[in-house]
Amino acid sequence: MLNYWQHCVKVITYIIERIRVLGQHLQLLKANHSWSEEAKMSPISKRRSRPEEPDAFTALMDQLENLLEKEHLFTPNLQIASQPQEPGEVTTGARDGSVNVLRCLKMWYDLSSDVFLLSVNIVDRFLTKMKVRNKHLACISVSGLFIASNLLNETINPNDLVNISQSKCTTTDMQRMAEIMINKLNLDPNTVPTTASSFLRLYYKLYEIAARKLNLSELFHQIINEQELCMHLEIIACDSQCANYRPCLIALVLIYLQFQEFYAELQYFPLEMFELDSFTMELKNFCNIKDEDFYICHEQIMSVLNLYNGQLKVMHQRYKLAKLAGFKCVESGFPFGIDLNDVVAAKKDADIEQVLINTFTDVTKGEVGFAAIPGKEKEFSDSLDMTIKYAEALNCKKIHIMSGKVNGFRTEEHYKVLQSNLRFAETKLRNKGIIGLIEPINTYSVPNYFLNSYEKGIEVLKAVDSPHIRLMVDVFHMQQIQGNITRSLKEYWPLVGHVQIAQVPDRHEPNTDGEIDYKFILKTLDELGYNDWIGLEYKPVADSTKGLAWINEYGYTL
């Protein structure tokens, strides 16, 4: 009951604030007698007073009316819970995970935002109409992308899509599922469903014309960024909490948020901006959007974007904190779910180098690579291509090629597949000037990880025989796999391409209590002539920056 009244108070506060702001604007308008009645009249008011005017604005408003008439036909009504009510039931987490995979596929195939958003709309409407088991969700989601790409003439090879999506269905399965979805949703191949993207692009055109009529074009383009709006719409689509809002409402709230962001940076509210602000409210009324609905959607979308921006902010902060701590470069896992442009911007903003990146895998599924997994050669190839794309953009010269997990015994077939995949990778990496690294990982840290033996790893590297495929030695893993670190380093040294360190057994700083004498190990690396970067692959005992004191203590610098 308390939550209900708290919600009512928020709604009333929002409406009062709107009235207060509009009242201020009206006072300003009354004080400015130089404005003519024509100037005060909003573009929508002008259209209604002169509906016969055959201009671009009128045509766009006709399109908006048409979209509004069809909107209810394409708005989902998801009724899925955050926790399964019965075994195998689709949850919001499973739905959101599948949509995030679709967004990765969108980036991989360089598809438009429209294709991605339409695919999500198709999937959500199918989940609205049909009771679906979780085991079928991956096939349903990739089928939705397949349908959307065909509807918008951005065709994807079905065999390739099935392989790279790792949906565990066959091409025939996907095509059969696509047919079922088309029939159940009555999809017309000649009609593109109405989505939030449809409204967003139409609103943008309307605002452009309104701004031009008000002599505010330059200011409008400073405030509203269409590419950023589309990206925000993609982020919103990945959260099931926003799935049931009217598309026209989501699009308008996103534009309004960009205006709000601009206003927040100003010391005062420019008088001329009142017209564009009023235009937003008139569009809201034209679309029959209630104040309460606008407020609720506004709060929800802000929450989702703040969460995403928080994750993005964390990434920016990690790069910056590394720089502030004195690091000249960083290494990382694959930034799953974060747009490549955002990653590049974070790195550039921190003015730091990227030394190493892991191969692309779907972390939501617990994947740790495919290089040694028979039958996953296509997935390996696709994940390698995606990683190279990121590595090139980040000017990163090392890629950790992860071999994957296996249940049961390791067979000769596994090793043959690993060698074959590494030879395949070698050609691509050599042409890009990138080194691929394989890393033996101990079974305590990652159970069932395929490559858990240095001896076998060395055999594979000798078989591949290329300076572009090298061994990554994490001393933490070496100690737990076989010990005898000094002799092993000397024996394997000609094949070593990267070194990481951490204390055993707790993976803390090198100078903490543990099994390894790192002063001796680092001296050994010096004697071996190692002059490349060393990755600090440890978990700080407490504060990361204070934990770096060991570097000076050992006589080194970052």
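**Figure 1. Contacts and overall make-up of the protein chain in a predicted model.** Of the contacts (heavy atoms within 4.5 Å) with a separation of 6 or more, 79% join residues 24 or more positions apart. The chain has 23 helices and seven strands, taken as DSSP runs numbered from the N terminus (helices H or I, at least four residues; strands E, at least two). Of its 558 residues, 52% are buried, that is, under 20% relative accessible area with a 1.4 Å probe, protein chains only. Residues are numbered from 1 along each chain as its sequence is written, and side-chain values use heavy atoms, without hydrogens and water. Local features need pLDDT of at least 70 and side-chain atom pairs pLDDT 80 or more, whereas totals for chains, interfaces and linings use all residues.

**Figure 2. Helix 16 and the residue after it.** Helix 16 spans residues 340-350, and its buried residues are L340, D342, V343, A346, K347 and A350.

Figure 3. Q166, K168, D362, K365 and E367 are the closest to the pocket centre among the 28 lining residues. A pocket is an open set of points on a 1 Å grid over the protein atoms alone, where a 1.4 Å probe fits, with protein on both sides within 12 Å along at least five of seven lines; lining residues have an atom within 4 Å of a point.

**Figure 4. Helices in the lining of the second largest pocket.** Helix 5 (92-108) and helix 7 (137-151) each contribute at least two lining residues. Helix 5 gives the largest share, six residues.

Definitions and conventions. Buried means under 20% relative accessible area, exposed over 50%, partly exposed in between (1.4 Å probe, protein chains only).
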